[in-house]
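Thanks for asking me to look this one over. Here are my notes, point by point, to read alongside the model.

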Amino acid sequence: MNITIIGAGSTTARALVPMLIAETDWNLHLISSQEAPYQHERITSAVVDVIDRSALKAAVMPHNPDVIINAAALTNVDQCETDKGLAHMFNVNLVEHVVRVARSTDAYVIHLSTDFVFNGEDGPYDEDAVPDPINYYGRTKLAGENVVVSSGVDATILRTNVVYGPPPARMDFVRWIIRAMDTDTDINVVTDQYCNPTYVDDLALAILRCIERRATGLYHIGGADYLSRYQIAERVVAFFKGRPSLVAPTTSDLLDQAARRPLRGGLVPLKAEAKLGIRFRGLESGLVSLRRALFAGRPQ
Ligand SMILES: NC(=O)c1ccc[n+]([C@@H]2O[C@H](COP(=O)([O-])OP(=O)(O)OC[C@H]3O[C@@H](n4cnc5c(N)ncnc54)[C@H](OP(=O)(O)O)[C@@H]3O)[C@@H](O)[C@H]2O)c1
């Protein structure tokens, strides 16, 4: 089977690529804005400006993909608010290009989305909840979902939230806390934003299972623990035996952020657990995996 991954340098793909190489015999074609850091006989790669429609098409078509995974997106929530054009290009126009090329190659699409499609008044949300985004990131991600749904291509949309994992993936919320511990820097963390943090390997496994089972439709992916950001920070500091006074409570209205955040966000992953056969780990178990990866290093 031929798998094309767009956004191969993303946090998600950094966990997914090693997993697909270790656990399948599939061929991977990696599309990224940077040189792929992988050497393997089943991996080919291309450096592409993915928001250039014809460049993307030229990179994807010759590989005749059975599956296209779209992990590219503008995920910086405040940057989406201040650079709406770029956000629209990555989170909407790129998705239009992906489904167009999927239609011509008859490929099955896996597209990633977010709990930020919801307003955060009454999360965690299941797949039947009605989206109502309150910032531009959420609006563009919802528009991207709608592009996939209305395209008619065989597809699944995986919504996830607060993904964390080891480097070389970009800095995430959990690693930000660990870095503060390493540098002994006091941090203020909000007590009023809730989520269920997702260990990146669980998201990668969900993608693998979707391909194996050719799942279609919408799935919510999230960890077993529903916590405030402040509670997460406290647990991370306790787990890594840091100084408890490092973390001070604050609230969202005191932060000077460009984009509003959904407060009670998070996703109910019961459908994914039942249909994809995955038990999503809680924070403690995710931190055990993270610590192992941080100390052992991992394939890049
Ligand atoms: N991480 C989370 O906590 C989280 C939570 C909810 C939903 N999601 C969704 O899950 C998906 C994957 O997220 P992720 O965290 O794995 O992504 P990520 O680490 O932020 O990476 C996104 C990728 O998109 C491409 N990209 C973004 N901005 C770019 C720019 N200005 N120029 C060129 N390329 C750019 C890059 O791909 P290359 O490096 O390959 O060029 C980048 O690595 C997204 O759809 C996101 O909305 C993530």
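1. A word on burial before we start: a residue counts as buried if 20 or more other C-beta atoms lie within 10 Å of its own. By that count, 47% of the 300 residues of the protein are buried. Please keep in mind that this is a predicted model.

2. On the overall fold, the protein has 10 helices and 13 strands. Its radius of gyration is 19 Å, close to the 19 Å that the globule rule gives for 300 residues, so the protein is as compact as a globular protein of that length. The C-alpha trace spans about 55 × 40 × 35 Å along its principal axes.

3. Which residues are closest to the ligand? They are Gly 9, Ser 10, Thr 12, Ser 32 and Ser 33, out of 23 residues that surround the ligand. Helix 1 (11-23) and strand 5 (108-114) are the elements that each give two or more residues to this shell. By type, the shell holds 9 nonpolar, 12 polar and 2 charged residues.

4. Buried positions in helix 1 include Thr 12, Ala 13, Leu 16 and Leu 20. The buried residues of helix 1 pack against strand 1 (2-6), strand 2 (27-32), strand 5, strand 7 (163-164) and helix 7 (200-213).

Conventions:
Residues are numbered from 1 along each chain as its sequence is written. This is a predicted model: local features need pLDDT of at least 70, side-chain atom pairs count only at pLDDT 80 or more; totals for chains, interfaces and linings use all residues. A residue is near a molecule or strand if its C-beta atom, placed from the backbone, lies within 6 Å of it. Helices (H or I, at least four residues) and strands (E, at least two) are DSSP runs, numbered from the N terminus. Ala, Val, Leu, Ile, Met, Phe, Trp, Tyr, Cys and Pro count as nonpolar, Asp, Glu, Lys and Arg as charged, and the others, Gly among them, as polar. A residue is buried if 20 or more other C-beta atoms lie within 10 Å of its own, exposed if 12 or fewer, and partly exposed in between; C-beta atoms are placed from the backbone. Two residues are in contact if their C-beta atoms, placed from the backbone, lie within 7 Å. The radius of gyration is taken over C-alpha atoms; the globule rule is 2.2 Å times the number of residues to the power 0.38.
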